[in-house]
Amino acid sequence: MSEISFINPLSNEGKEIIRAYGDLNQLNKEDESLIEEVTRTPNQKISDDTIIPKSYKDFALKRIQWAIEKKNNKNYVQNEYEYLINDELYKYDVVTFHVLCQAIAIQFNLGSRETRLFIESQATLIHERLAKLTPSLREELIDEILDEIKVDGTIKWMSLKDVISSKKLKLSDLLIENGNIILQQDEFLDNYESEFIDRSPERMYNILVGDSVKELILSRLIMQKTEEYLERIKNMSTRVEIHPTILELSEELKEFIPTEISKYNQYYEGSGGIYGSVQAGKLNPDAFPPCIQNTVNGVSSGGRNDAIVLLLTSFASYARLYPMIFASDETIKVSDLDPDLTITENEILPLIFDAADNCTPPLFEDQPQEKINIISKLGFGMHEKVDINHEGETKWYTPMSCEKIKLHLPQLCKPDKSCKGINNPLSCYGRKKFQLDKKAKD
Ligand code: SF4
């Protein structure tokens, strides 16, 4: 049977493993047993030595790399990461989880893309690890873990309100009694057995509660506990001294995560861009003015919708397709520059949608209709997708001026020297991109 801590590293068993681990100075050291166990993992690809983690720190970075690849890489290869579902490695996994929690909490904000990537990856691992078990073992393990997570023997439905509001779980999927979610068969029978005269109450339990709901609740609760744990570490980090090895890992993650993610951003140009000053070309994020960089990194509630729908949608589309808009009197449509809409679909919209996802809370989770507003600001009417047949139903919205941004989204305008003398983020981008391109050519 798989260990509880392999699914819930925050369990009592997980805490015991951490207590026993002790010396954080060992994180960087090559670990023969780890290498041996990873190599022995069934179906693990071992032909390329760089795939195998050699130390705890290596294991931590690989785990983050796996999360990024799994989410973004269309050619993701599962057997390069098979060891992540090898339960023989549960002690390594638990230590790695806690080490990552510390490194992430001190480096990134709670709502950041990096923190969310880590928390969500834990849920993905839970599902993948449980899927490897037989149905009866899976059920037994889920019940055991849920029993330990319960506060005062119950799970309040309110503790899942974020999951319910994000529509990942419907309130109608849950059986609720006095605010508590009924999950276990004995609770179900205690409460409802007498209600079933012609049908088997046990069968009705399986139909109404079912393992998939339990598994979903389990993973959501662990995600929530992980978030609370990260918050506690963050608060404590101002009062206690952080171990140098954790600080080192945390600094490494600051570079590592964006670098790994950028491999899959199809909307940015590679280094040393080939395009001229204000001609259309792949977007160069290094040339984004501060307000756009702040938007791309994620905006919290307040101006979130306007930042994505009004500011970024117009900026990204004009910066990519028609940066000369303010120097021209022509009336232009997206399809004049992108006739089959491939740039719009493969570069512009992914950038906007990723930025929407980086917001706190992610924009489309609570306001999916904003997708339609984005399409409409590109000139394709109030529809879910860009479609040439709808072009012209609305106007292609031109980029906001600095004045408007300062007025409506002041939290995003943090001018730097690149903003000097300009009145629109698009002009700032054009100038900065020209300078960067020139520098790359010299
Ligand atoms: S001055 Fe203009 S371009 Fe610069 S950050 Fe503010 S709004 Fe953006």
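Student: Which helix does T295 lie in?
Tutor: Happy to start there, and keep in mind that this is a predicted model. The helix to look for runs over residues 290–296, and T295 falls in that stretch. The helix is α13.

Student: Is T295 buried or exposed?
Tutor: Count the other C-beta atoms within 10 Å of T295 and you get 28. The cut-off for a buried residue is 20 or more. T295 has 28 such atoms, so T295 is buried.

Student: Which residues is T295 in contact with, leaving aside its neighbours within four places in sequence?
Tutor: Good one to follow in the structure. With those neighbours set aside, the contacts of T295 include A307 and I308.

Student: How far apart in space are T295 and E177?
Tutor: In sequence, 118 residues separate T295 and E177. In space we go from C-alpha to C-alpha, and that distance is 43 Å.

Student: At what angle do α9 and α10 pack?
Tutor: Two packed helices are described by the angle between their axes and the distance between the axes. Here α9 covers residues 185–192 and α10 covers residues 201–208, with axes 10 Å apart. Their crossing is right-handed. The angle is about 120°.

Student: Which residues in α10 do Q185, F188, L189 and Y192 meet?
Tutor: Those four residues are the α9 side of the contact. By class, the contact has five nonpolar, one polar and one charged residues. On the α10 side, the residues are P201, E202 and Y205.

Student: What share of the chain counts as buried?
Tutor: The chain has 442 residues, with 20 helices and two strands. The buried share is 34%.

Technical notes: Residues numbered from 1 in each chain as written. Predicted model: local features only at pLDDT ≥ 70, side-chain atom pairs only at ≥ 80, totals over all residues. Buried ≥ 20, exposed ≤ 12 C-beta atoms within 10 Å, placed from the backbone. Axes fitted to C-alpha atoms, helices over the stretch in contact; angles between N-to-C directions. Left-handed = near helix turned anticlockwise from the far one by under 90°. Contact = placed C-beta atoms within 7 Å. Nonpolar A, V, L, I, M, F, W, Y, C, P; charged D, E, K, R; others polar.
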